[in-house]
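Hi,

Here is the structure I said I would pass on to you. Have a look at it first, and then read my notes below.

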Amino acid sequence: MQRPRFIGHEIFRHSTYGRWHPLRVPRVSTVMDLTRALGWLPPAQFVMSPRAKPAALMNWHTPRYIAALQRIEASQSATTQDRALHDIGSVTNPVFPEIFSRPATAAGGSILAGELLRDGGVIYNPAGGTHHGMPDRANGFCYLNDPVLAMLSLRHQGVRRIAYVDIDAHHPDGVEAGFGGDPDCLMISVHEARLWPRTGGIENDAGGNAFNLPVPRGFNDSEMACVRDTLILPRVAAFRPDAIVLLCGADGLEEDPLSHMALSNNAQLDVLRGLTGMAPRLLVLGGGGYNPWSVGRLWTQVWGALNGLDAPDVLPEAAETVLRCLRFDGNRRGKNPPEHWFTTLKDAPREGVVRDEVKAGVRALCDRGLP
């Protein structure tokens, strides 16, 4: 596979978790529209995501749970037992029209990515990254766990050593449940301390193969650069992975409503660029991100970076139109967006002091041995 592939689907254009849910905002469709408006997504590089079949989802999820999701989509109704057993029908994990079809399409893309990467290459599935899903229940907006399914797909293709790097603002508790204790899977997570799901303490090594770095509020670009150069890149290099899976959540950006980090989109892009080329296979997934402008602007640049393309300083009219058509109802950031959210994909750097708390956490993890 010579050129990176972008996996997407139109189901993400109009599917929403509900009028007031954080995932009411368009994300994947915005990235598809922006990349096309920039001329970055020729048809030959686009792959339509398949919907994963129940049998494929049962490689990790339970038959009872998958059957419940299918039944609830058909009836558009969850029972008291569904809520008790699977946390479906809660405020966090509501019933919505595509409650099975949407996550199964995202998971199908990640499973397909594992197959396409058998002989090497680069795949981008921005719809992926549902890293909280558990085998028998929905968790944190995640009905399925496509990163786990992607890594199982890679394993099915004979890929053994996998480095999973997660720079989402939230700790990937579901991925740890799937791969904790696996010596052939290195897991590194940089997430906001004490943020939901309130797991991933620095002392938690998930059986020896997880390096969890909870970071303080206001985490800035300089601090991410320190973590990248001192912890992430050296650990991944020493592990010598056959594949890297990067979950590039946009919820660590300063504009995101669900976290308290202060990153610019340069920080995530620099992590991606550092990891590129460190393994013969690279899969990049989306993850969290709940401000439509910050998600679209970052994730579009991710695709550009995978193709060696830099965003223009000023967007062409077609791309600017995509951004001006976005809405963020119900949030103060949507009432008077700053002009640069419409005219450029690039954030100004948000550098600052590297605090002692961050340095100490990095030192503690660097003193631990690899699995």
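This is a predicted model: local features need pLDDT of at least 70, side-chain atom pairs count only at pLDDT 80 or more; totals for chains, interfaces and linings use all residues.

Residues are numbered from 1 along each chain as its sequence is written, and side-chain values use heavy atoms, with hydrogens and water left out.

Back to Asp136. You'll find Asp136 in the loop between β3 (121-125) and α7 (146-156) (helices are DSSP runs of H or I with at least four residues, strands runs of E with at least two, numbered from the N terminus). Its C-alpha atom is 6.0 Å from that of His61, although the two are 75 residues apart along the chain. If you skip the neighbours within four places in sequence, Asp136 is in contact with Thr62, Arg64, Tyr65, Leu85 and His86 (contact means heavy atoms within 4.5 Å).

Next, helix α4. Tyr65, Ile66, Ala68, Leu69, Ile72 and Glu73 are the buried residues of α4. They cover an arc of only 155° around the axis, so they sit on the same side of α4 (the arc is that of the directions from the helix axis to the C-beta atoms). An α-helix has 3.6 residues a turn, so residues three or four places apart point the same way. The cover over the buried residues of α4 includes α3 (54-57), α5 (80-86) and α6 (101-116).

On the other side of α4, Pro63 and Ala74 are exposed; for Ala74 the relative accessibility is 72%. After α4 comes Gln76, with a positive phi near 55°.

Helix α11 (residues 292-306) is another one to look at. Since 14 of its 15 residues are buried, α11 is largely enclosed by the rest of the structure. At the start of α11, a side-chain oxygen of Asn291 comes to within 3.0 Å of the backbone nitrogen of Trp293. Just after α11, Gly308 has a positive phi of about 70°.

How many cavities of 30 Å³ or more does a search of the whole structure find? The search finds 1 (on a 1 Å grid over the protein atoms alone, a cavity is a set of points where a 1.4 Å probe fits but cannot get out, and a pocket is an open set with protein on both sides within 12 Å along at least five of seven lines; lining residues have an atom within 4 Å of a point). The largest cavity holds about 40 Å³ of space (the volume filled by probe spheres set on the points, which are joined across faces, edges and corners). Its lining includes Tyr164, His171 and Asn212, and β5 gives the largest share, 3 residues.

The largest pocket has about 630 Å³ of space. Of the 38 residues that line the largest pocket, Tyr17, Leu23, Arg27, Phe141 and Tyr290 lie nearest its centre.

Cheers

Notes: Buried means under 20% relative accessible area, exposed over 50%, partly exposed in between (1.4 Å probe, protein chains only). A polar contact is a pair of N or O atoms within 3.5 Å; within protein, one must be able to donate a hydrogen and the other to accept it, and residues adjacent in sequence count only if both atoms are side-chain atoms.
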